[in-house]
Amino acid sequence: MGSNSSRIGDLPKNEYLKKLSGTESVSENDPFWNQLLSFSFPAPTSSTELKLLEEATISVCRSLAGLWTVFTLGGVGSKAAASPELSSPLANQSLLLLLVLANLTDASDVPNPYRQAIMSFKNTQDSSPFPSSIPHAFQINFNSLYTALCEQQTSDQATLLLYTLLHQNSNIRTYMLARTDMENLVLPILEILYHVEERNSHHVYMALIILLILTEDDGFNRSIHEVILKNITWYSERVLTEISLGSLLILVVIRTIQYNMTRTRDKYLHTNCLAALANMSAQFRSLHQYAAQRIISLFSLLSKKHNKVLEQATQSLRGSLSSNDVPLPDYAQDLNVIEEVIRMMLEIINSCLTNSLHHNPNLVYALLYKRDLFEQFRTHPSFQDIMQNVDLVITFFSSRLLQAGAELSVERVLEIIKQGVVALPKDRLKKFPELKFKYVEEEQPEEFFIPYVWSLVYNSAVGLYWNPQAIQLFTMDSD
């Protein structure tokens with residue numbers, strides 16, 4: 001097939017385009033459809049193959065047309081509506097179709113062509129040739145795609161698309177990480193996590209994994225502390241008139257951890273939150289005083305929980321001495337989980353102290369203010385090694401504050417800390433391996449993604465009815 005011909009087979013070109021697109025409004029000069037027609041197909045050898053080829057071509061082209069609609073999400077550059085699936089039903093249907101197609105399992109001998117296309121498409125500004133091994137290659141405008149994704153993160157399906165692109169398409173990931181306006185993408189993701197009570201667990205997972213993928217990049221971890229935000233209206237715990245994007249990210253992730261500790265108690269959520277903080281820790285810069293306080297407050301919460309479980313275990317053990325028939329709760333497992341999280345928090349604090357102490361006087365201040373919290377872990381066998389640097393910093397700066405006298409103002413304490421950073425012997429800080437965590441999908445990700453995608457179709461596909469009594473792939477409360 002060639003896009004330069006005025007006729008395609010027995011049909012005029014404009015009629016063929018209408019047939020492919022399923023609409024009367026397509027132009028024969030439309031570059032998108034002409035690019036589709038420029039693809040070559042093997043010549044059919046029989047009338048049956050010809051019919052199958054025509055049906056397959058129409059199906060693929062309509063799907064790719066839906067893909068194009070997805071990427072524009074109903075109009076790039078327009079204001080995001082309160083309900084994207086209602087304001088742009090065609091865009092929403094197209095997005096759902098794309099997610100279904102992209103999550104089809106591979107055949108035994110043929111990989112999913114839709115997933116291959118998503119993994120390999122490039123920017124329209126990229127003139128480099130596609131490798132011959134990529135049969136489903138195409139190009140779109142990355143700037144338009146980025147703008148649309150930034151505007152539409154209130155919907156599960158847009159967040160799932162963003163995750164899919166970041167995780168599977170290195171071209172997209174590289175492009176997004178190079179953007180100088182990453183706050184436009186990160187802020188909507190943080191808002192999803194901030195309103196965790198109002199979101200379903202899958203949406204929260206996707207938002208958190210997106211952050212984890214972004215924090216794998218050191219450039220991202222540095223740049224977010226250079227972006228200064230003013231008046232974050234949706235953050236209600238405290239008025240934030242001016243804060244860096246990096247400090248806000250820390251605040252929201254810590255809030256998610258605390259919410260999870262008191263409500264859902266999901267180890268998977270804990271692990272990914274801590275991994276994101278750990279990836280960022282060596283690049284912490286000019287932490288907001290409230291962000292520094294929340295880091296130490298989280299450690300305080302974990303410390304209290306640790307002591308409570310220890311106390312419960314001791315009481316249960318005493319009670320069991322008088323009754324051999326009463327089984328003991330598995331406090332050892334609970335204690336092990338809490339100690340793992342405490343150690344991770346100590347490693348995050350330690351990473352900041354050893355790599356960017358001079359950039360974070362507010363964290364040192366918060367450490368000194370709550371230094372009694374760390375006493376019980378100084379000689380604990382599980383934390384003794386990682387406590388060396390924390391203990392050294394606390395001892396060094398506590399001594400300098402004592403020398404300065406009593407009744408010191410906050411400003412004076414911070415001034416002493418800034419002066420002390422220069423005098424602290426860095427060679428006395430023990431070096432630990434760099435904290436780096438990388439997101440890896442489970443061995444059979446389709447067990448999560450296929451039911452999730454179809455639950456989105458069931459709940460969000462406008463005008464489609466599905467008999468709830470016949471659904472076996474997911475439960476009605478899985479969304």
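In this predicted model, N231 sits in the loop that links β5 (228-229) to β6 (243-244). The backbone of N231 has a positive phi of about 55°, although the residue is not a glycine. Most residues other than glycine have a negative phi. N231 has a relative accessibility of 51%. The cut-off for exposed is over 50%, so N231 counts as exposed.

A positive phi also occurs at S286, where the value is about 45°. S286, too, is not a glycine. The residue belongs to the loop between α14 and α15. Its relative accessible area is 54%, and S286 is therefore classed as exposed.

The loop between α14 (267-281) and α15 (289-320) also holds H288. Here the relative accessible area is 18%. Buried means under 20%, so H288 is buried. Which residues does H288 contact, leaving aside its neighbours within four places in sequence? They are L240, E242, I243, S247 and N362.

Helix α15 itself contains K304. At 59% relative accessibility, K304 counts as exposed. K304 and L373 are 69 residues apart in sequence. In space, their C-alpha atoms are 9.3 Å apart.

Attention now turns to the packing of two helices. Helix α5 spans residues 89-102, and helix α6 spans residues 113-120. They pack at an angle of about 105°, and their axes are 7 Å apart. Angles of 65 to 115 degrees count as roughly perpendicular, so α5 and α6 are roughly perpendicular to each other. On the α5 side, the contact is made by L98, L101 and A102. On the α6 side, Y114, R115 and I118 take part. By class, this contact of α5 with α6 has five nonpolar residues and one charged residue. It has no polar residues. R115 is the charged one, because Arg falls in the charged class.

Helix α7 covers residues 142-151. Which of its residues are buried? They are F142, L145, Y146, A148, L149 and C150. The N-terminal end of α7 is capped by N141. A side-chain oxygen of N141 lies 2.9 Å from the backbone nitrogen of N143.

Terms used. Residues are numbered from 1 along each chain as its sequence is written. This is a predicted model: local features need pLDDT of at least 70, side-chain atom pairs count only at pLDDT 80 or more; totals for chains, interfaces and linings use all residues. Side-chain values use heavy atoms; hydrogens and water are left out. Buried means under 20% relative accessible area, exposed over 50%, partly exposed in between (1.4 Å probe, protein chains only). Helices (H or I, at least four residues) and strands (E, at least two) are DSSP runs, numbered from the N terminus. A polar contact is a pair of N or O atoms within 3.5 Å; within protein, one must be able to donate a hydrogen and the other to accept it, and residues adjacent in sequence count only if both atoms are side-chain atoms. Contact means heavy atoms within 4.5 Å. Axes are lines fitted to C-alpha atoms, for helices over the stretch in contact, and angles run from 0 to 180 degrees between N-to-C directions. Angles under 35 degrees count as roughly parallel, over 145 as roughly antiparallel, 65 to 115 as roughly perpendicular and the rest as oblique.
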